[in-house]
Amino acid sequence: MSRQIVLDTETTGMDPATGDRIVEIGCVEMVDRMLTGNHFHVYINPERDMPVEAFKVHGLSEEFLSDKPVFASIAQDFVDYIDGAELIIHNAAFDMKFLDHELKLLKMQTLSAQCGVIDSLKMARDMYPGQRNSLDALCRRLGIDNSKRTLHGALLDSEILAQVFLAMTGGQDSLFGGEGDDDTAAVSLDPSLLNAAAVLPEATRVIYATAEEIAAHDAFFAKLKK
């Protein structure tokens, strides 16, 4: 059984070394690439003020967070939840830096020391070089609805990232990248592969492209290149 946790955080700023803290953690669980509905979500009192710039990103005010639990009171529940899982995080270095900082303050084992991590931003950059690879850009490219994402929110962003990750790792989703320098970024298909023999179960019916279809395919992409 493969257990993965898609994780996101919201914070008061960019660097825990200068006093910034986590204000929200959102996680969704996948087992064997299936969403289970087992979520972990908590708002956290950062025990400090909320900078205006951060509030504009996630909309979590100092007043709203004032009666929420501090990190120390949720730390063990969080660690128990992610125990044994592989983490999937967009721009993992940012979230891991904050989470490890909070755990170090409590003299607990860091996530870096106990969990494998997949950085979906690095994966996207490898798959779509030269293109925008923010979560919003990936949603547009992969046809994933993110219309509810008016502000950043850790749980919603984790749910969206889970769909993005599954789309990126589940095969070809679109013939067009749509975010690069070219107006159209057509995938180059080798026609010889269209008629390549494959080892398939006996019951599988395979319909190969005809010579006319291959010619039409080549003509279509030749027109796009113009």
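Q: Is helix 7 mostly covered or uncovered, and how many of its residues are buried?
A: First, the ground rules. This is a predicted model, in which local features need pLDDT of at least 70 and side-chain atom pairs count only at pLDDT 80 or more, while totals for chains, interfaces and linings use all residues. Residues are numbered from 1 along each chain as its sequence is written, and side-chain values use heavy atoms, with hydrogens and water left out. Helices (H or I, at least four residues) and strands (E, at least two) are DSSP runs numbered from the N terminus. Buried means under 20% relative accessible area, exposed over 50%, and partly exposed in between, with a 1.4 Å probe and protein chains only. On that scale helix 7 is mostly covered, with six of its eight residues buried.

Q: Which residues of helix 7 are buried, and what do they pack against?
A: An α-helix has 3.6 residues a turn, so residues three or four places apart point the same way. In helix 7 the buried residues are Leu135, Ala137, Leu138, Cys139, Arg141 and Leu142. They pack against helix 6 (120–127) and helix 8. Contact here means heavy atoms within 4.5 Å.

Q: At what angle do the axes of helix 7 and helix 8 cross?
A: Axes are lines fitted to C-alpha atoms, for helices over the stretch in contact, and angles run from 0 to 180 degrees between N-to-C directions. Angles under 35 degrees count as roughly parallel, over 145 as roughly antiparallel, 65 to 115 as roughly perpendicular and the rest as oblique. The axes of helix 7 and helix 8 come within 10 Å and cross at roughly 50°. Helix 7 is therefore oblique to helix 8.

Q: Is the crossing of helix 7 and helix 8 left-handed or right-handed, and which residues make the contact?
A: A crossing is left-handed if the near helix is turned anticlockwise from the far one by less than a right angle, and right-handed if clockwise. The crossing of helix 7 and helix 8 is left-handed. Leu135, Leu138, Cys139 and Leu142 of helix 7 meet Asp157, Ile160, Leu161, Val164, Ala167 and Met168 of helix 8. For classes, Ala, Val, Leu, Ile, Met, Phe, Trp, Tyr, Cys and Pro count as nonpolar, Asp, Glu, Lys and Arg as charged, and the others, Gly among them, as polar. The contact of helix 7 with helix 8 has nine nonpolar residues, no polar ones and one charged.

Q: What lies on either side of helix 7?
A: Ser134 is in the loop between helix 6 and helix 7, and is partly exposed at 38% relative accessible area. Its C-alpha atom is separated by 8.5 Å from that of His90, 44 residues apart along the chain. Just after helix 7, Gly143 takes a positive phi of about 70°.

Q: Where is His152, and what does it contact?
A: UniProt positions are given in the numbering used here, with shortened feature names, and annotations may be inferred rather than shown by experiment. An unreviewed UniProt entry lists His152 for "active site". His152 sits in the loop between helix 7 (135–142) and helix 8 (154–169). It counts as partly exposed because its relative accessibility is 35%. Neighbours within four places in sequence aside, His152 contacts Glu10, Val57, His58 and Asp157.

Q: How do helix 3 and helix 4 cross?
A: The axes of helix 3 (residues 71–82) and helix 4 (residues 92–105) come within 10 Å and cross at roughly 110°, so the two helices are roughly perpendicular to each other. Their crossing is left-handed. Phe71, Phe78 and Val79 of helix 3 make the contact with Leu99, Glu102 and Leu103 of helix 4. By class there are five nonpolar residues, no polar ones and one charged.

Q: Is Thr110 buried or exposed?
A: Thr110, in the loop between helix 4 and helix 5 (111–114), is buried because its relative accessible area is 16%. Beyond neighbours within four places in sequence, Thr110 contacts Asp100, Leu103 and Lys104.

Q: Where is Arg33, and what is its phi?
A: Arg33 is in the loop between strand 2 (22–31) and strand 3 (34–43). Its phi is near 70°, a positive value in a residue other than glycine.
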